[in-house]
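Thanks for coming, everyone. Please look at the sequence and the structure on the screen, and I'll walk you through them.

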Amino acid sequence: MIVRIVIDTERCVMAGECVYNHPRLFAWGESDLPRVRIAELHADADRLEARQAAEVCPSGAITVIE
Amino acid sequence: MPGLANEIDPREFDSPEFQRNPFPLYKRLRDHHPVFRDRFHNRWILSRYEDVTAAFGDNEHFDRALYKPDGPYEFGSSHVFGPNILEYGNSDRHRWLRNVVAGQFVGQSLNAFVPAIETIVAELIDRVGRSGRVELVSEFTNQFPIRVISNMLGLPRADEDRFVGWYQALIAGLGFGGEHLARGIAARNEMWRYLDPLLEERRARPADDLLSKILQAELDGQRMSTEEVKGFIALLLAAGGDTTDKAIANMWFHMLYTRADQFAEVQADPALWDNVFTEMMRFDPVVHAQTRFTTAEVVVQGRVLPERAMVTLSLGAANRDERVFDDPDTFDLHRSDLHMGRENRSARYRDGLAGHLGFGMGQHFCMGYAMARQEAVIACQRLAAALGNPRPLHPTHEGIVAPSIDSGGFRAPRELWIEFDPVRG
C-alpha cells in the first residue's frame, strides 16, 4: 500500500500547523506555502503523523491518500 | 535633566500603575528602547511587532526553556503543575506531547464537542437565574471553561464542582504567590490523590475521552509517566480554563465599558462577537508576555543579546505598535488593519493583514486557539441572548487588572456586575 500526503494549496491558509508540528514531513516551500518532504510514507510513525497533520490542519487542506 | 525623560527605571515594571495600565510604558519601550536591557530583573524586553514576531518565529535562537550546555533542558522545579509540556522547549518530545492532544481542540473533534459546550453554557445561564443582576466572573466565566475541559478529559460530571474549586485555588496560586501558592499546592495535591484511582481505571479500561488518549499515547514504545500525565492534566485545566475564563470577562468588559457604543451593533448582529474576540486579543489580551532564552548570540535592532539571556517578548506591547496598527489605543470592532478571522500559528494571512499576537505564534502558539474562540463566542452569544438588555450595574469600573503582567500574570476584571431585565418565565 502506498501512502502519500497531498496539500490543496488553494485551500491552504498558511497556518503552519503542519510545518511546526511535523517538521519531518513538511517544510515551507515557495510562496509561503508548505510542501511535503517525503513522497511516499512507509513507516507507521510517519503515517500516524500524517494523519495527525490532516486532523489539525485548520483549512482542511491536507489529505492522506492510502 | 533633558534627555532622561524617556529613560526607564526597571522598577516601573513592578509598580501597581504598570499592572493597571501598562500601555504608556509599552509605548516608551517601543519608541525609545525597542531592545531594553532590564538589569534589575536580569532580562531583555522586545516590544515592537516586527521584533516580537521575528523572535517567536526563530526557534534556532529563541527557546522556550533554558537548555544545558551539555544537552537536555533545565526544568523549573518550583512549578505548581510539576513537569509539563511547556518546559520541553523546542524538543521532539514537546512536539510529540502536543500532537497527542492537539487534534482534540480543532476541526472535526472540536465540532463534535460543540453540543457539550452548549449544554454547559445553558446550565450555567440557568443558574444565573432571574434576579436581574449577575456577577459575571464568579457566577459564569470562572465556571464555564473549566467545566468544558473537565468534560473533555472525561472526568466525572458529578465531581465537576470539586474541580472548579481546585482549579480556582490552583490559578490563584499561580498568580499571587504567598499563602495563595500554598493553597494552590494543597489543592493540586488533593486533586492528584483524587486522580490516582481514576487514572488506574482509565488505564485498564480506556474510554472515548481525552484522558484515555493521553494515557495511551506512546513515543518510541514509551508512555507518559504518571507525573507527566498529572502535570498535563493540571496544565490543561489551567491553560484551557483560566485563559478562556478571563477572555470572556474581558470581552464583556469592553462591550460594557470600553465601547458601549459598539455593543448595540453586537446585540443586533451576534456574529460580531467574533470581532470582539479578535480585537480584545489585540487590544488587551489575557496574556501579555512570553519568556524565551537565547541559545546563541543574536542581533536585534543592531544590539547584541548574549547567549542564554532571558528575553521577555511583550506581545501586549507589540499588539499596540503604531508601526502596524493605526490608532492602536482605540478598541474598534471594524479595524481594517487587523486580520479578523481565525488565528494562525504562522501569523501570516492570505488577506495580507497583520494578526494579533494574543496566542503567541510559532513553535509555542496556543494549542487551544480554535477552541478558545469557539467557547468564548458561543458563551457570549448565548449570554447576550438570555440576559434582557444587559448593562453595567456600576457606572464606573476599576478596569482590567493583573498580577505581574510581564511574568505571565493573566489580565482580567476582578468583578463584572451586570444588570439585566429578567425576561425568561
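A:Glu17 and B:Arg345 form a salt bridge, with their closest N and O atoms 3.1 Å apart. A salt bridge here is a side-chain nitrogen of Lys or Arg within 4 Å of a carboxyl oxygen of Asp or Glu. Now the ground rules: this is a predicted model, where local features need pLDDT of at least 70 and side-chain atom pairs count only at pLDDT 80 or more, while totals for chains, interfaces and linings use all residues. Residues are numbered from 1 along each chain as its sequence is written, chains are lettered from A and ligands numbered from 1 in the order in which they are written, and side-chain values use heavy atoms, leaving out hydrogens and water.

How many salt bridges are there between chain B and chain A? The count is two. The other pair is A:Asp32 with B:Arg348. Their closest N and O atoms are 2.8 Å apart. This pair crosses between chains. A:Asp32 sits in the loop between strand 2 (26-28) and strand 3 (34-36) of chain A. B:Arg348 sits in the loop between helix 14 and helix 15 (369-386) of chain B. Helices (H or I, at least four residues) and strands (E, at least two) are DSSP runs, numbered from the N terminus.

Are those two partners buried or exposed? A:Asp32 is partly exposed, at 35% relative accessibility. B:Arg348 is partly exposed too, at 27%. The cut-offs are these: buried is under 20% relative accessible area, exposed is over 50%, and partly exposed is in between (1.4 Å probe, protein chains only).

Next, the whole interface. In chain B, 19 residues are in contact with 19 residues of chain A. Contact means heavy atoms within 4.5 Å. Together the two chains bury about 1600 Å², and 44% of that is on carbon and sulfur atoms. Buried area is the accessible area (1.4 Å probe) that two parts lose on being put together, summed over both. Which residues of chain B lose the most area to chain A? They are B:Arg345, B:Arg348 and B:Arg350, together 38% of what that side buries.

There are polar contacts as well. The rule finds eleven residue pairs across the interface, both residues at pLDDT 80 or more. A polar contact is a pair of N or O atoms within 3.5 Å; within protein, one must be able to donate a hydrogen and the other to accept it, and residues adjacent in sequence count only if both atoms are side-chain atoms. On the side of chain B that touches chain A, the largest share comes from helix 4 (residues 92-102), with four residues. That side divides into five nonpolar, nine polar and five charged residues. For those classes, Ala, Val, Leu, Ile, Met, Phe, Trp, Tyr, Cys and Pro count as nonpolar, Asp, Glu, Lys and Arg as charged, and the others, Gly among them, as polar.

Now two backbone details. Most residues other than glycine have a negative phi. A:Ser31 has a positive one, near 55°. A:Ser31 lies in the loop between strand 2 and strand 3 of chain A. A:Ser31 is exposed, at 63%. B:Ala347 also has a positive phi, near 60°. B:Ala347 is in the loop between helix 14 and helix 15 of chain B. B:Ala347 is buried, at 17%.

Over to the inside of chain B. Helix 2 (residues 23-32) has these buried residues: B:Phe23, B:Leu25, B:Tyr26, B:Leu29 and B:Arg30. Why do they line one face of the helix? Seen down the axis, they fall within an arc of 155°, so they line one face. The arc is that of the directions from the helix axis to the C-beta atoms. Among the elements they pack against are helix 1 (16-20), strand 1 (35-38) and helix 13 (273-283) of chain B.

Last, salt bridges over all chains: the count comes to 36. One joins B:Arg323 and B:Asp321, at 2.7 Å, N to O. B:Arg323 is partly exposed, at 41%, whereas B:Asp321 is buried, at 1%. Another joins B:Glu398 and B:Arg414, with the closest N and O atoms 3.0 Å apart. Both lie in the loop between strand 11 (388-392) and strand 12 (417-421) of chain B, so the pair ties together parts 16 residues apart in sequence. B:Glu398 is partly exposed, at 44%. B:Arg414 is exposed, at 55%. Shared partners also join B:Lys27, B:Arg30, B:Asp31, B:Asp321, B:Glu322 and B:Arg323 into one salt-bridge network.
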